[in-house]
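The following paragraphs lead the reader through the side-chain contacts of the structure shown below. Please keep the model in view while reading.

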Amino acid sequence: MNHFIDVAVAFLGGTIISVQGGYRVLQHPKKERIFDRLADARWFLAVHWCDQFPTPAGILTHDGQVTFQNHAALAMGDTMFLPLQIRKAVFNHCLTLAPGEFTTYTVQNSSQVDEHQLVIMGLDIDPRYGRVALVRTKQSESLAPF
């Protein structure tokens, strides 16, 4: 008798399904790729979420580290995208949000003429590490072109 239960989960615009031996992400470019842990599949989709935006986006942890940033954030520079002095405040904003809820945070940078706005979402990807903040910039005149 097979006691395996098939599960499908929607996460950040992607789909994770349980398969023999782990979890498969339907959006993964390698169809045969199986993740050992559900958290690993979620991390893949969080990175995929950041990569979809033409404006800077990244994943911020509780200790102020940007664990992933998309190409636009790299081109802008991580301290311009998320200045060190605001990272704690940005992360604290994510802690107040319900799952799937977004908030906006305005970054005022003395070296920039214009300010830019960040869209922040708190997300529990891996219970071992706690919540992370998914952060992306709203389209802004000061951000284009790179």
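**Side-chain contacts and burial**

Trp49 counts as buried, at 7% relative accessibility; the term buried denotes a relative accessible area under 20%, exposed one over 50%, and partly exposed anything in between, with a 1.4 Å probe and protein chains only. The model is predicted, so local features need a pLDDT of at least 70 and side-chain atom pairs count only at pLDDT 80 or more, whereas totals for chains, interfaces and linings use all residues. Residues are numbered from 1 along each chain as its sequence is written, and side-chain values use heavy atoms, with hydrogens and water left out.

The aromatic contacts come next. For Phe35 and Phe44, the centres are 5.9 Å apart and the planes meet at 40°, so the pair is tilted. Phe35 is itself buried, at 6% relative accessibility. The charged end of Arg33 sits over the ring of Phe35, 4.1 Å from its centre; this term requires NZ of Lys or CZ of Arg within 6 Å of the ring centre and within 35 degrees of the ring normal.

Which charged side chains meet in salt bridges? A salt bridge is a side-chain nitrogen of Lys or Arg within 4 Å of a carboxyl oxygen of Asp or Glu, and by this rule the count is five. Asp124 and Arg131 form one of them, at 3.3 Å from N to O; Asp124 is partly exposed at 42% relative accessibility, whereas Arg131 is buried at 15%. Salt bridges with shared partners join Arg37, Asp40, Asp126 and Arg128 into one network. Within it, Arg37 bridges to Asp40 with the closest N and O atoms 3.7 Å apart. Arg37 is partly exposed, with a relative accessible area of 29%, and Asp40 is partly exposed with a value of 29%. A further bridge links Arg87 to Asp78, whose closest N and O atoms are 3.6 Å apart; here Arg87 is buried at 6%, while Asp78 is partly exposed at 32%.

Finally, the cysteines. Cys50 is buried, with a relative accessible area of 0%, and Cys94 is buried at 0% relative accessibility. The search of the whole structure finds zero disulfides, a disulfide being a pair of cysteine sulfur atoms within 2.5 Å.

Definitions and conventions
Phe/Tyr/Trp six-rings, centres within 6.5 Å; stacked < 30°, edge-to-face > 60°.
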